[in-house]
Amino acid sequence: MSQIRARLRSHGRVLAADLATEWHVPVDMIRRDLRELAEAGECRRVYGGALRLQPDASHIRTRMGENVVLKNALASQTAHLFKARQVTFIDTGSTNIALATSLPRDMPLTVVTSSPAVAVALNDASQIETIMIGGRLDGATGGVTGSVAVQSLQHYRFDLCSLGVWAISAEGPSVWDPEEAAFKREVLGRSESVVVMAEGSKIGSGGRFPVAPLDAVDTLIVAEDAPFDELSRMTASGVSILKVPVHD
């Protein structure tokens, strides 16, 4: 089992049939070990194998100070997708806070958000109407979730949504909290187009709770050094992948 742990750490994804062939053991033995690792919270089972679990998210204040150059580059590219007079949704997350800062301040736009920090970042944008939805604030993620938040979404349809995720793979985006997953599913169901910005560590790994299949995402914006193998798998879903050069 230690070999599987090591492979998950280094590759992010393992396939039971491939490991059985490589190590000359029955595939059922690999499947049993993957099942035990998943039950112990060390991976997430997917069809044919398993994904490395992303560590639980650090506090939003901590994440806002991490990988700032990369997040700003992803946000700058994503800002080009926003068009005048759209009704949009910007989710919680440190990269989405950077996106709010990157939007043109003179663009007539409506932004609905679940993140107080996103709303504050838009405070100086005179042409952007900012709407905060209600709900239970999760201090660690910096966003609202729960039934009140879901009900608040009933009033809206979005031309574009920038979805915050904790992990994303060929199976789709995922997060750590079931209420957060339910809230994001509601957002997706109300969005005409969906973009996800993802640092390399998020790609090819999984959170505990799936949000939706990958075909719910229209555009994935990543750094140019994102894992090639997983991106190749993801293109099969029809998602458009934009790679962003990042220079320190």
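1. Phe89 and Phe158 are both buried, where buried denotes under 20% relative accessible area, exposed over 50% and partly exposed the range in between (1.4 Å probe, protein chains only). For Phe158 the relative accessibility is 2%. The model is predicted: local features require pLDDT of at least 70 and side-chain atom pairs pLDDT 80 or more, whereas totals for chains, interfaces and linings use all residues. Residues are numbered from 1 along each chain as its sequence is written, and side-chain values use heavy atoms, with hydrogens and water left out.

2. The count of aromatic pairs is 3. Rings of Phe, Tyr and Trp (its six-membered ring) pair if their centres lie within 6.5 Å; planes under 30 degrees apart are stacked, those over 60 edge-to-face, and the rest tilted. Phe89 and Phe158 form a tilted pair, with 5.4 Å from centre to centre and 50° between the planes. Phe89 belongs to strand β4 (residues 87–90) and Phe158 to the loop between α8 (147–152) and β9 (160–163), so this pair ties together parts 69 residues apart in sequence. Helices (H or I, at least four residues) and strands (E, at least two) are DSSP runs numbered from the N terminus.

3. Tyr156 and Phe158 make a stacked pair, because their planes are at 15° with the ring centres 6.0 Å apart. Ring pairs join Phe89, Tyr156, Phe158 and Phe183 into a cluster.

4. Over the whole structure, 13 salt bridges are found, each a side-chain nitrogen of Lys or Arg within 4 Å of a carboxyl oxygen of Asp or Glu. One of them joins Glu171 and Arg13, whose closest N and O atoms are 2.8 Å apart. The pair links distant parts of the chain, 158 residues apart: Glu171 is in the loop between β10 (167–169) and β11 (172–175), and Arg13 is in strand β1 (residues 13–15). Glu171 is partly exposed at 28% relative accessible area, whereas Arg13 is buried at 11%.

5. Arg13 also forms a salt bridge with Glu230, the closest N and O atoms being 2.7 Å apart. Here the partners are 217 residues apart, with Glu230 in helix α10 (residues 228–235) and Arg13 in strand β1. Glu230 is buried, its relative accessible area being 4%.

6. Within helix α3 (residues 27–39), Arg31 and Asp28 are 3 residues apart, which means a separation of about one helical turn. Their side chains meet in a salt bridge of 3.1 Å, N to O. Arg31 is partly exposed at 39% relative accessibility, and Asp28 is exposed at 52%. Elsewhere, salt bridges with shared partners connect Arg13, Glu171, Glu230 and Arg233 in one network.
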